[in-house]
Amino acid sequence: MAKILVSSCLLNCAVRYDGSSVEACSDDFEWLVDTQEIVSLCPEVAAGLPIPRVPAEICGANGTEVLDGTAGIIGSDKTDLTEQFILGAKLALELCRKYNIQYAVLTENSPSCGSNYIYDGSFSGTKIMGSGVVSALLQRMEIIVFSQHTVGQLRELISVSKAN
Ligand code: SF4
């Protein structure tokens, strides 16, 4: 049984900026929750951000650049939230280290949890390819990150390693 870090909002927890959760219903996701050891975290809430909170986006860059200090994360009200988002990423990594977690399934499009797509910082609903700050930090530490849309690949990976 593998230990998997999963975004809380994919597990019916209403922790998103607008107090909602995210539907992750797929056979692969249900299989994961039913058969593996799930460690749930909302990095933004763990970092002390409230529910609800203003939506936030990375400003024209991705999570790697935020970690490197060359880009920031702002709220729609122009508040600089970079520090809180980096803290959330560090807390996620700490949890992975504590439980020896090698895989994560994180919510696509989020400035924290996105792994393939994020919003572009214009608050116009425009997505760009890139990762959020949590995914960027976990990937930097060689934790493999999937989204709710690619969880089938993780299922395959776990099934193959079990068979070998
Ligand atoms: S996407 Fe990540 S940071 Fe955003 S609400 Fe879900 S768990 Fe929290």
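In which helix is the place of Leu 67? Leu 67 sits in helix α3, residues 63-67, where helices are DSSP runs of H or I with at least four residues, strands are runs of E with at least two, and both are numbered from the N terminus. The model is a predicted one, in which local features need pLDDT of at least 70 and side-chain atom pairs count only at pLDDT 80 or more, while totals for chains, interfaces and linings use all residues. Residues are numbered from 1 along each chain as its sequence is written, and side-chain values use heavy atoms, with hydrogens and water left out.

With a relative accessible area of 21%, Leu 67 is partly exposed; buried means under 20%, exposed means over 50%, and partly exposed lies in between (1.4 Å probe, protein chains only). Leaving aside neighbours within four places in sequence, Leu 67 is in contact with Val 133, Ala 136, Leu 137 and Arg 140, contact being heavy atoms within 4.5 Å. Val 133 is 66 residues from Leu 67 in sequence, yet their C-alpha atoms are 6.8 Å apart in space.

Helix α5 (residues 133-140) packs against α4 at an angle of about 40°, with the axes 8 Å apart. Here axes are lines fitted to C-alpha atoms, for helices over the stretch in contact, and angles run from 0 to 180 degrees between N-to-C directions. The pair is therefore oblique, since angles under 35 degrees count as roughly parallel, over 145 as roughly antiparallel, 65 to 115 as roughly perpendicular and the rest as oblique.

Helix α4 itself covers residues 82-98, and its 17 residues should span 24 Å at 1.5 Å a residue, the expected span being 1.5 Å times one less than the number of residues. Its end C-alpha atoms are 24 Å apart, which agrees. Among the buried residues of α4 are Thr 82, Phe 85, Ala 89 and Cys 96. Just after this helix, Asn 100 takes a positive phi of about 55°.

Not counting residues up to four places away in sequence, Ser 147 touches Val 105, Leu 106, Glu 108 and Ser 115.
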